[in-house]
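Here is a short briefing on one protein model. Keep the sequence and the 3D view open as you read.

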Amino acid sequence: MREKGNIEIHFARGTSQRYNRRMVSPDAELTAVVCDLAIEVGFSRAGVAPAGDLGCSEKFDEWVARGWHADMTYMGLHESKRRRPDLLVPGAVSVLSLAVGYAPDGEDSTEGAPGYIARFARGRDYHKVLKRWCRELMDRLCEIAPDFAGRAFVDTAPVMERSLAAAAGLGWIGRNGCLIVDGLGSYVVLCEIVSNLPLVPGSPVERACDECDACIRACPTGALDADGLVDSRKCLSYLTIEHRGPATEEMISCNRSLYGCDLCQEACPHNSDLTPGDDELISWNGPEIRLADVGGWTAEDWDIATRGRAIRRAKYDMFIRNAVTAAARLVE
Ligand code: B12
């Protein structure tokens, strides 16, 4: 959801001079050790993608050309770096793609209820949690590979996180555009470590949803095309999280949420019987945010309620706007 700031740079102790050192050939044993370490640190899945061109920029260009990035103008920038992580991190030869599940534990009673918060944003801000784990993992990598140098990205910078995860074989890209991982569904958040480690890339897995169009039918605003591209201008996730202006027609007629949208994911048959996600990501130990309360919030209430959470991306006036449109569903 965001693209600027928060890029972490990490060099193995005293090795920054050797960052561009000659690489040895891909090492299967090192790859297995690194992926195991990632799981030990807390990630649900780990895999490797090459740091060069992923060969999927045509679709991306089409998305931008259609204007489907809406007001996220940053999505049209840094074209070549977005395509090639090794331009973003010179000297990098591999991308360790990491996923964490956030499927709810048990029945989700809030499904579709007016005033719900999308699942990925219910607990502690995933950027903070994943960054902490990346830091921990990079410290461990320094211990096993003293020449390690790399940078971690969590939803920041021009990185194609879904494409990297698909190239690494963590899952496939569904018709709703989401990465779908066996056992975790699409309820995963992603991050990556782009580094000089000579890791062996995985292989893409076959898409298992060509026969199904449940997600396309479930989107009340028609934001999905048949091929996994999303028209942000119509997407309720975009409208409730990124769109800064007044409520649009789509929000007035369809919005049910305070933050984000899960409708195309809830409809997905791959999102049932999932392993419950990480506790920190799926639950919050502060007071629950209820639709009825948000209408009466002051800016200070917003500040207190959103601290440490991804929902803080929607500013006070956006929250009030989202609440008003969601509340309209109560009287329909
Ligand atoms: C901009 C953005 C949005 C926009 C646009 C979404 C979109 N679908 O394009 C908006 C605000 C709408 C949005 C919404 C959401 N987002 Co968002 N978003 C991003 C962001 C910053 C960039 C995505 C992007 O580049 N879009 C442009 C399109 C064209 O690119 P793409 O979706 O990656 O699609 C490419 C792949 O599908 C590839 N491809 C297709 N098949 C194959 C096969 C192979 C083998 C390969 C290699 C590539 C490939 O081709 C496409 C073009 O290159 C990423 C973080 C990041 N830096 O990547 C998070 C990210 C995609 N979002 C995320 C999340 C969680 C969400 C929401 C679920 C949140 C919510 N509940 O409200 C929704 C989902 C909406 C949806 N159906 O996509 C997660 C996705 C996790 C997942 N399981 O896929 C990400 C990765 C953030 C993260 N760090 O975890 N998001």
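This is a predicted model: local features need pLDDT of at least 70, side-chain atom pairs count only at pLDDT 80 or more; totals for chains, interfaces and linings use all residues.

Residues are numbered from 1 along each chain as its sequence is written.

**Helix 1**

- Helices (H or I, at least four residues) and strands (E, at least two) are DSSP runs, numbered from the N terminus.
- Helix 1 covers residues 28–41, which is 14 residues.
- The expected span of a helix is 1.5 Å times one less than its number of residues. For helix 1 that gives 20 Å, and its end C-alpha atoms are 20 Å apart, so the two agree.
- Thr31, Val34, Cys35 and Ala38 of helix 1 are buried. Buried means that 20 or more other C-beta atoms lie within 10 Å of the residue's own; exposed means 12 or fewer, partly exposed is in between, and C-beta atoms are placed from the backbone.
- Glu29, Ala32, Asp36 and Glu40 are exposed, on the face of helix 1 turned away from its buried side.
- The buried residues of helix 1 pack against strand 2 (45–50), strand 3 (94–101) and helix 5 (126–144).

**Asp278**

- Asp278 lies in the loop between helix 10 (263–266) and helix 11 (279–282).
- Asp278 counts as buried because it has 21 C-beta neighbours inside 10 Å.
- Leaving out residues up to four places away in sequence, Asp278 touches Gly42, Val100, Gly101 and Tyr102. Contact means C-beta atoms, placed from the backbone, within 7 Å.

**Met318**

- Met318 belongs to helix 14 (residues 316–327).
- Met318 also has 21 C-beta neighbours inside 10 Å, so it counts as buried.
- From Met318 to Gly52 is 39 Å, C-alpha to C-alpha, and 266 residues in sequence.

**Around the ligand**

- The ligand has 43 residues around it, and Ala118, Asp155, Glu161, Ser237 and Gly260 come nearest. A residue is near if its C-beta atom, placed from the backbone, lies within 6 Å.
- Helix 6 gives the largest share of this shell, five residues.

Methods. Two residues are in contact if their C-beta atoms, placed from the backbone, lie within 7 Å.
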